[in-house]
Structure formats: C-alpha cells, structure tokens
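This briefing covers selected features of one model. Please read it alongside the sequence and the coordinates.

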Amino acid sequence: MNTPTAVVTGAAGGLGQATARQLLAAGFHVVAVTRDEPSARTTLRTLAAPAQVPAQVPVQAGTVHALHADLMDRAAIRALAAGLRDTVAQVDVLVNNAGAAFSHYAETADGMERTHALNHLAPFHLTHLLLADGLLAPDARIINISSDLVTRGRIEVEAPDVTGVSWRDRFSQIAVYGTAKLTGVLATTALATRLPTGMHVYSANPGVIRTAFNSKSGGLLKAASLASGLFAQTPEKAAGLPVRLAGAPTPLTPNGGFFTRKAAATPPEPARDADLAARVYEDTARVLGLVPLPTS
C-alpha cells in the first residue's frame, strides 16, 4: 500500500503546523510550505524531531519535507509547483491553509489586493498548476481553509471583484478578509463541478482558533480576537477538521461542500448561488492567465 502525500501551506505555525503534525502522525508523507527559507528550516526541524522522522531523504513512510514560497507572488507559486514536482511523485491531499487579514490596503507586485491574493488567488493558482501538471492523485482531496468571517463578505453578483482592487478607497479589514474567503468558497463550489471524477474539494471552516493570526493582523481583527479569546480553540483541536477531510476512508460529501468543526454545513447565502460561483471561478482563472476547467 502506497503512503499518501499531503502538502500543507502556511505550515510555519498555528493551524497549518498542527495539521501537518497530525497528518504525519496519521501516516502521511508531508510537505510543509512556509513563506521563506528560515521559516522552512525551522518548521522542518520542528516537525521532524518529535517523531524522529528523517528530513529531506528519499520518500519513505513518515518523511517530512519543507519548501518555501511567498504565495502573494505568482512567480513564486509557479516555482513552488515546480519544487513539488521535484520533491514528490504525486499529491494526495492539498491543504490550502496560508492566509492573512491585512490591516490596510496594498497591492502585490501583480496588482492584486493582498488579502485576496493570499487567501483566494494563491490557493486557486496552486491547485490549478498541480492539476495541469498531473501531480494531483486521481483520488486527490483539496481542502481550502475558510473562516467564520465569510458571513461578512460582500460580492457584486453581476461583476464580482476577484482581485479585491475595488476596495482601494473603501478598505475595511474584516469585510475585505470575509470577502476574500467568500470568494474562495464560491470558487471551491464551482471547482467541484469541474474536477475529474474521483477528486474532491472542500471549504473547511475550523472556527475561532487561539493563534497569533489575529494579533499579527492588527486593526479591528485584533480587537475582535481579544473579545472572542475565551471561546477560541487550540490549533491542535481545530486541525481535526482538515485532518478528517484528508484522511476519511470514504471521501466526505458533498463534494465542494462547506464543512465546519462538526459536519457539512450550509454556507452563507451568496455562496449558494451556482451562477455566481461559476462567474467567480471563470473570472479568477482569467485574471491568473489560466484556462478554466470545463464542467463535468
């Protein structure tokens, strides 16, 4: 029996690192993706040491690798996809966890609002590069980490802004973050109708987590996190959701569904609009220079 391989982005700490650690414990090979080389080295040591897992050796049961990429940079995402091709034979699970909620408006070198670039465009781009390369296993599972704040997202139905640049003169940290995550949920819903038979994709909302994410974000999100801190769960507990989606013997249903800590849940009303989901998917592919997958 072949040992499955999982790729986890945003694995330097918090939910991403907890997810990577639990997948290793469940018998997966893991490729941990962090933002830069120092954090990749530190993450590799952290994940490898507890289980005495050999690092950067030919893939055997329980091995862990670490790669790094600034996921707000499209060229870096392409380089990451190439690095994955050189590191593993196939990817059975892709956990798109990396994210951030920035406190003020700024654009990436590619001209996209940063929150949308990292939370929506990056996972979409990486997923489709791996699909195009044939690196995703025939029964691969793609898990896109979502948020409670999808309920705060606002999308123009007739002309959805998948890049976030329309927020330039009206920036609101929580609304922009919620909109980026809502856009990701819509794209996930549409992708499920386009994936090859056997593959599954999910939006996973682990709830409020006790990490440095909110404090590093600053702004209103930091203040909100102080108020909700008593109800926050540990990263180890929150990781149970993506790990369950990754490792369930039979893929959980529905494909393209929105999952919370307990089970499949009803997503926010805008995310239930199939036409809007298709429009978001196709617009996102277009701005990234990708060919949209046809519906199955």
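The model is predicted, so local features need pLDDT of at least 70 and side-chain atom pairs count only at pLDDT 80 or more, while totals for chains, interfaces and linings use all residues. Residues are numbered from 1 along each chain as its sequence is written, and side-chain values use heavy atoms, with hydrogens and water left out. Helices (H or I, at least four residues) and strands (E, at least two) are DSSP runs, numbered from the N terminus.

- Strand 1 covers residues 5–9, and 5 of its 5 residues are buried (buried means under 20% relative accessible area, exposed over 50%, partly exposed in between, with a 1.4 Å probe and protein chains only).
- Burial applies to both faces of strand 1: T5, V7 and T9 lie on one side, and A6 and V8 on the other.
- Strand 1 pairs in the parallel sense with strand 2 (residues 29–34) over 5 bridges; two strands pair if DSSP finds at least two bridges between them.
- A parallel pairing over 3 bridges also links strand 1 to strand 4 (residues 91–96).
- V7 has V31 as its bridge partner in strand 2, and V7 stands opposite L94 in strand 4.
- Strand 1, helix 1 (residues 14–25) and strand 2 form a right-handed β-α-β unit; right-handed means that, with the strands pointing away from the viewer, the path from the first strand over the helix to the second runs clockwise.

**Helix 10**

- Helix 10 has 14 residues (274–287), which should span 20 Å at 1.5 Å a residue, and its end C-alpha atoms are 20 Å apart, in agreement; the expected span is 1.5 Å times one less than the number of residues.
- At the N-terminal end, D273 caps helix 10 through a side-chain oxygen that lies 3.1 Å from the backbone nitrogen of D275.
- The buried residues of helix 10 are L276, A277, V280, Y281, D283, T284, A285 and V287.
- These buried residues pack against helix 3 (74–87), helix 4 (114–133) and helix 5 (173–192).

**Nonpolar cores**

- A nonpolar core is a set of buried Ala, Val, Leu, Ile, Met, Phe, Trp, Tyr and Cys residues joined through side-chain atoms within 4.5 Å.
- The largest such core has 56 residues, of which L71, L80, L84, L126, L130, L136 and L186 touch the most other members.
- Helix 4 gives the largest share of this core, 9 residues.
- Leaving aside neighbours within four places in sequence, L136 is in contact (heavy atoms within 4.5 Å) with V91, T127, L130, L131, I142 and M199.
- A second, separate core has 31 residues, including F28, V95, Y202 and L241.

- T115 lies in helix 4 and is buried, with a relative accessible area of 1%.
- The side chains of T115 and E113 make a polar contact at 2.7 Å; this term means a pair of N or O atoms within 3.5 Å where, within protein, one must be able to donate a hydrogen and the other to accept it, and residues adjacent in sequence count only if both atoms are side-chain atoms.
- Beyond four places in sequence, T115 is in contact with A100, F102, H120, V176, Y177 and A180.
- G289 is exposed, with a relative accessible area of 64%.
- The C-alpha atoms of G289 and H125 are separated by 9.5 Å, with the two residues 164 apart along the chain.
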